[in-house]
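Dear colleague,

Please find below the structure that I am handing over to you. My notes on it follow directly after.

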Amino acid sequence: MLISQYKIKLPSDYNMEIIKNRVKQNGFKTDGFYGLNFKLYMISEKGKNGNEFNSYAPLYFWKDTEGLNKFLFDGFYDNILGSFGWQEVVTFIPLLNNLQKILNQDIKYLCELEGDILPNSTLKQVKLELMEELKEIKDLSYIVCYNPTNWTYKVYVLSSDLESLLQLDGEIYQVLYVSK
């Protein structure tokens, strides 16, 4: 599996109804997309849930690289390029998850936690430390992923209960649609 995301930071006065309508009209188009496990159409809104800016931040969970390559290079990503310009697409490798729990629930919110993987004599210890941190959110759905290019990690915590996510120290997104 591979995770990819582009975050489009929007102006403070951007009418977020534009993005909400875009997702209503087009979100279903990625249902059943080749190689896609699922996609979360997400936004953050300035002043809501502690967010400092507006953004459109789709998050993709790919079965492998073929689906991502098809999406980026066979014209599908051109819609983003045409609407928002060139975006950095960040990719992560999943490390830990309770994916079945995620796929069987109604996801309305996501909290993104992130950190650095510091130089260490063994990465096994890093994994053990992350597993220990996950005990605090054991009742919530999550995916931990990392990027070995810059040695960062992200923990995506998903829930239909906003209050449980507001207790975490991360960026909160509203999930507008889940494409499977």
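Threonine 152 is buried, as its relative accessible area is 17%; buried means under 20% relative accessible area, exposed over 50% and partly exposed in between, with a 1.4 Å probe and protein chains only. Please note that this is a predicted model, in which local features need pLDDT of at least 70 and side-chain atom pairs count only at pLDDT 80 or more, whereas totals for chains, interfaces and linings use all residues. Residues are numbered from 1 along each chain as its sequence is written, and side-chain values use heavy atoms, with hydrogens and water left out.

Threonine 152 belongs to strand β9 (residues 152–159); helices (H or I, at least four residues) and strands (E, at least two) are DSSP runs, numbered from the N terminus. Leaving aside neighbours within four places in sequence, threonine 152 is in contact (heavy atoms within 4.5 Å) with Phe92, Gly115, Asp116, Ile117, Cys145, Tyr146 and Asn147.

Leucine 2 counts as buried, because its relative accessibility is 14%. Not counting residues up to four places away in sequence, leucine 2 touches Tyr60, Phe61, Trp62, Thr65, Leu68, Thr91, Phe92 and Pro94.

I turn now to the aromatic rings. Rings of Phe, Tyr and Trp (its six-membered ring) pair if their centres lie within 6.5 Å; planes under 30 degrees apart count as stacked, over 60 as edge-to-face and the rest as tilted. By this rule the count comes to 13 aromatic pairs. In one of them, tyrosine 60 and phenylalanine 71 have ring centres 5.0 Å apart and planes at 45°, so the pair is tilted. This pair links distant parts of the chain, 11 residues apart: tyrosine 60 lies in strand β5 (residues 59–62) and phenylalanine 71 in helix α2 (residues 65–73). Both tyrosine 60 and phenylalanine 71 are buried. By contrast, the pair of tyrosine 146 and tryptophan 151 is stacked, because the ring centres are 6.5 Å apart and the planes are at 5°. Tyrosine 146 counts as partly exposed at 21% relative accessibility, and tryptophan 151 counts as partly exposed at 34%.

One aromatic cluster is formed by Tyr6, Phe33, Tyr60, Trp62, Phe71, Phe76 and Tyr77.

Yours sincerely
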